[in-house]
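The following note sets out some points for a colleague reading this structure.

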Amino acid sequence: MNSWGTILLGYGLVFGTIGAYALSVVARGRRVGKQLGIGAEDHDDE
Amino acid sequence: MQQAERKDSMTGSLATTTLGWASGASLIVVLVTGLITSPKDANQGEAVRLLYVHVPMIWIAYGSFIITAVYSGLFVAKAASRPDLGRHLDRVAGSAAEIGVVFTGLTLVSGALWGRITWGVYWQWDARLTTTVLMFVTYLGYLALRKLPADPYVRSRRAAIVALIATVNLPIVHYSVDWWRTLHQGASITVGNKPEYTNDILIALLFAVVAFTLVALWLGIHRYRVIRLEEIREEEGIEMAIAARRAEAEVGS
């Protein structure tokens with residue numbers, strides 16, 4: 001693998017992981033909010 | 001639980017939405033500066049581009065674990081006399097630790113890739129890398145401890161004590177490159193010494209640190225609020241179970 005391939009892999013893993021983690025946190029908040037009876041419409045400002 | 005308090009617990013707000021958009025926009029700038037506009041380094045060539053993702057990861061991990069340590073210490077000192085404050089302190093400690101673990105994991109991955117280019121190998125059991133893995137595993141254990149079923153106060157207190165013990169490793173990780181002969185390079189920026197990178201590279205690095213810090217802040221606020229929502233759910237579940245048990249007892253008597 002040349003250095004550019006490794007660099008792009010590094011950026012992809014870092015940005016991809018942070019994006020996936022952020023989505024999981026928001027989704028968990030929405031799910032628990034829904035269980036508590038706080039409608040999904042209340043979360044649209046996320 | 002009052003509706004007003006519930007609404008206050010939601011994970012979104014105008015401030016966090018603004019912070020979220022600012023974080024997203026700044027990450028796009030990091031991509032552009034890191035992959036396109038940043039110059040090559042005289043020694044490392046293109047590989048220096050990994051500096052902009054690797055260094056912010058470990059700095060944020062350090063910051064997160066320091067927050068966990070401070071709030072855990074305050075929890076141990078204050079939670080017994082002030083339960084509400086204790087729960088707040090515990091939430092901050094837990095959410096910061098989770099973010100620290102994510103960023104430490106990314107430090108290890110981005111560092112391994114950088115090592116593959118500059119050292120020719122993904123991994124070496126040198127002091128910096130080994131102590132960083134130890135830090136990662138320790139805080140994974142801390143997060144696992146927070147999930148164990150127990151009385152919330154007891155669980156939080158145990159976690160706080162583990163967090164305080166884990167803090168001992170932080171200076172060891174940071175100063176490992178000075179204390180032992182390691183393959184890992186020394187600190188990229190040190191007070192009083194001439195930086196080993198050009199100004200263009202240092203400015204891009206500084207911007208990347210700010211951008212990822214905004215992201216970590218956004219994540220931390222949301223994670224805190226999710227923990228709070230989960231606590232409310234747990235409390236309501238217990239209250240409903242007690243009410244159901246009382247109703248059963250009344251029918252039986």
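1. In this predicted model, helix 1 of chain A meets helix 4 of chain B through two sets of residues. Chain A contributes Ser3(A), Thr6(A), Leu9(A), Gly10(A), Leu13(A), Val14(A), Thr17(A) and Tyr21(A). Facing them in chain B are Val102(B), Leu106(B), Val109(B), Ser110(B), Leu113(B), Arg116(B) and Ile117(B).

2. How are the two helices oriented to each other? The axes of helix 1 of chain A and helix 4 of chain B lie 9 Å apart, at an angle of about 175°. Angles over 145 degrees count as roughly antiparallel, and these two helices are therefore roughly antiparallel.

3. The chain interface as a whole involves 27 residues of chain A and 34 residues of chain B. On the chain A side, the residues that touch chain B comprise 15 nonpolar, eight polar and four charged. Chain A itself has one helix and zero strands, and 26% of its 46 residues are buried.

4. The largest nonpolar core contains 57 residues, and Ala93(B), Ala97(B), Phe103(B) and Ala163(B) have the most contacts inside it. At least two residues of this core come from each of helix 1 (3-35) of chain A and helices 3 (51-78), 4 (83-118), 5 (127-147), 6 (152-166) and 8 of chain B. When neighbours within four places in sequence are set aside, Phe103(B) is in contact with Met57(B), Ile60(B), Ala61(B), Ser64(B) and Ala216(B).

5. Is His222(B) buried or exposed? This residue of helix 8 of chain B counts as buried because it has 22 C-beta neighbours inside 10 Å, where the cut-off is 20 or more. The C-alpha atoms of His222(B) and Ser95(B) are separated by 8.8 Å, although the two residues are 127 residues apart along the chain.

6. Ala187(B) belongs to the loop between helix 7 (169-179) and helix 8 (199-252) of chain B. With 14 other C-beta atoms within 10 Å, Ala187(B) is partly exposed. Between the C-alpha atoms of Ala187(B) and Ala243(B) the separation is 59 Å, and these residues are 56 residues apart along the chain.

7. Helix 2 of chain B, residues 14-37, has 24 residues. From its first C-alpha to its last, this helix reaches 33 Å, close to the 34 Å expected at 1.5 Å a residue. Its buried residues are Gly20(B), Ser23(B), Val30(B), Thr33(B) and Gly34(B).

Technical notes. Residues numbered from 1 in each chain as written. Chains lettered and ligands numbered in written order. Predicted model: local features only at pLDDT ≥ 70, side-chain atom pairs only at ≥ 80, totals over all residues. Contact = placed C-beta atoms within 7 Å. Nonpolar A, V, L, I, M, F, W, Y, C, P; charged D, E, K, R; others polar. Helix = DSSP H or I, 4+ residues; strand = E, 2+ residues; numbered from the N terminus. Buried ≥ 20, exposed ≤ 12 C-beta atoms within 10 Å, placed from the backbone. Expected span 1.5 Å × (residues − 1). Core = buried A, V, L, I, M, F, W, Y, C linked by C-beta atoms within 7 Å. Axes fitted to C-alpha atoms, helices over the stretch in contact; angles between N-to-C directions. Parallel < 35°, antiparallel > 145°, perpendicular 65-115°, else oblique.
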